[in-house]
Amino acid sequence: MPRVIAITSGKGGVGKSNFVLNVGISLAMMDNRVQILDADLGLANLDVLLGIRPHRTLEDVVLGRAELNDIIIRTDYKIDLIPGCSGTQDMADLSGEQIHNLVKSVSRGAGDTDYLLVDTSSGISTGVISFLMAVPEVIVGVSPEPTSLTDAYALIKVLKRNGYDGRIAMFSSMVKNSAAGHTIYKKIASASRRFLDTPVGFLGSVFSDEKLTRAVSDQVPAIVRFPTSDIARCYRVIALTMLGQNTPQADYDKFWSRLLNMIVRSAKPRERAAESFNGPEREGSLEHTIHDILDEQRRTRFLLERIVARIERDLDSPSRQGPVI
Ligand SMILES: Nc1ncnc2c1ncn2[C@@H]1O[C@H](COP(=O)(O)OP(=O)(O)O)[C@@H](O)[C@H]1O
Ligand SMILES: [Mg+2]
């Protein structure tokens, strides 16, 4: 049975996808078999960070055009990528029985790995909470921005309110140094312990480093592009910390069932998302609509930043060939 871990955050753009990629590669370099799964329905980008273009994704599996093993991409970095997808109208027509059969076949075909790291969407307003409830370990990324802290706390609170009983850990992202990372951890951990009676573990800090931005625009994982850098060391230390932990029991069928349901339901987010919460119906409220809009804005800003960084780099080195983006 693999160790199944979801990486999430209250707020977008904290460095989740880069965490999944670089910690995943670190674990692989330490002789573990690692799969990374892109389940960020809004902004799936592990393929972009790896510089590859998947021809097939989970969509082909859901629609019966491929087996799970057919879509897994062996990368140059010792990790395998399972490319994700968002829901489509075709999926909205799938019956409950079809989804049930799909879960059985996918769950049978999967599992040939030591670690399955799942990159998810951020925020509490999507079907992601229902999915996280089926994952035995959740890692929350938190950056120093005040909204990142409050959103991370809100996420832990929603998990707890829904009865989550797995392991919750966090990493501090984009911090100046270890002390700054630890300060963030203490804030989250003490609030969670005091008000939610929930322990939160600490995996370590990822420093803010322009090398990471360069690696992103070069489409090469930072740990490979700059193996001796501080940021590479940050990811390796976190991988080592994870290796020292035991493996909680995972319910693999339930995991795939919730994952595929999250994808299928995202085809009709307004009508269906409320079902994915165990708690009272929340979707569609003004508060959630505003939250969605703000989240979307953040995503757009990060995409734009990425494009601008890429253009600036290309302007710096005019000899470089190929398209700007
Ligand atoms: N440690 C870091 N140092 C500097 N910039 C970072 C760092 N982590 C993330 N970023 C910036 O934030 C952007 C989003 O990172 P990403 O890993 O895609 O976040 P998420 O998956 O949480 O949205 C990156 O493209 C990069 O510009
Ligand atoms: Mg991401």
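How many residues does α1 have, and how far does α1 reach from its first C-alpha to its last?

**Figure 1. Overview of the predicted protein chain, with its 15 helices and 8 strands.** This is a predicted model, in which local features need pLDDT of at least 70 and side-chain atom pairs count only at pLDDT 80 or more, while totals for chains, interfaces and linings use all residues. Residues are numbered from 1 along each chain as its sequence is written, and chains are lettered from A and ligands numbered from 1 in the order in which they are written. Helices (H or I, at least four residues) and strands (E, at least two) are DSSP runs, numbered from the N terminus. Buried residues account for 44% of the 325 residues in the protein chain, where buried stands for 20 or more other C-beta atoms within 10 Å of a residue's own, exposed for 12 or fewer, and partly exposed for values in between, with C-beta atoms placed from the backbone. Of the contacts between residues at least 6 apart in sequence, 78% join residues at least 24 apart, a contact being a pair of residues whose C-beta atoms, placed from the backbone, lie within 7 Å.

**Figure 2. Helix α1 (residues 16-29) packed with helix α12 (residues 230-243).** The 14 residues of α1 reach 20 Å from the first C-alpha to the last, close to the 20 Å expected at 1.5 Å a residue; the expected span is 1.5 Å times one less than the number of residues. The helix is mostly covered, with 13 of its 14 residues buried, and α1 is followed by aspartate 31, which has a positive phi near 70 degrees. The angle between α1 and α12 is about 60 degrees and their axes are 8 Å apart, where axes are lines fitted to C-alpha atoms, for helices over the stretch in contact, and angles run from 0 to 180 degrees between N-to-C directions. On the α1 side the contact is made by Asn22, Val23, Ser26 and Leu27, and on the α12 side by Tyr235, Arg236, Ile238 and Ala239. By class, these residues are 5 nonpolar, 2 polar and 1 charged, counting Ala, Val, Leu, Ile, Met, Phe, Trp, Tyr, Cys and Pro as nonpolar, Asp, Glu, Lys and Arg as charged, and the others, Gly among them, as polar.

**Figure 3. The open sheet of 8 strands, with mixed pairing.** The strands follow the order β3-β4-β2-β5-β1-β6-β7-β8, and two strands pair if DSSP finds at least two bridges between them. Because β3 (73-74) and β8 stand at the edges with a single partner strand each, one side of each is left without a neighbour in the sheet. Strands β2 (residues 34-39) and β4 (residues 79-82) are paired in the parallel sense over 4 bridges, with valine 34 bridged to isoleucine 79 and glutamine 35 bridged to aspartate 80. By contrast, β3 and β4 pair in the antiparallel sense over 2 bridges, and isoleucine 73 has leucine 81 of β4 as its bridge partner. These two strands, β3 and β4, form a hairpin with 4 residues between them, and lysine 78 in the turn has a positive phi of about 70 degrees.

**Figure 4. Packing of helix α8 (residues 146-161) with α9.** The two helices pack at an angle of about 35 degrees, with their axes 10 Å apart. The contact involves Leu149, Ala152, Tyr153, Ile156, Lys157 and Lys160 of α8, together with Ile184, Lys187, Ile188, Ala191, Ser192 and Leu196 of α9. These residues divide into 8 nonpolar, 1 polar and 3 charged.

Figure 5. Serine 208 counts as partly exposed because it has 17 C-beta neighbours inside 10 Å. Leaving aside neighbours within four places in sequence, serine 208 is in contact with Met174, Val175 and Lys176. The C-alpha atoms of serine 208 and valine 175 are 5.2 Å apart in space, although the two residues are 33 residues apart in sequence.

Figure 6. Proline 2 counts as buried because it has 20 C-beta neighbours inside 10 Å. Not counting residues up to four places away in sequence, proline 2 touches Gly111, Thr113, Asp114, Tyr115 and Leu116.

How values were computed: Two residues are in contact if their C-beta atoms, placed from the backbone, lie within 7 Å.
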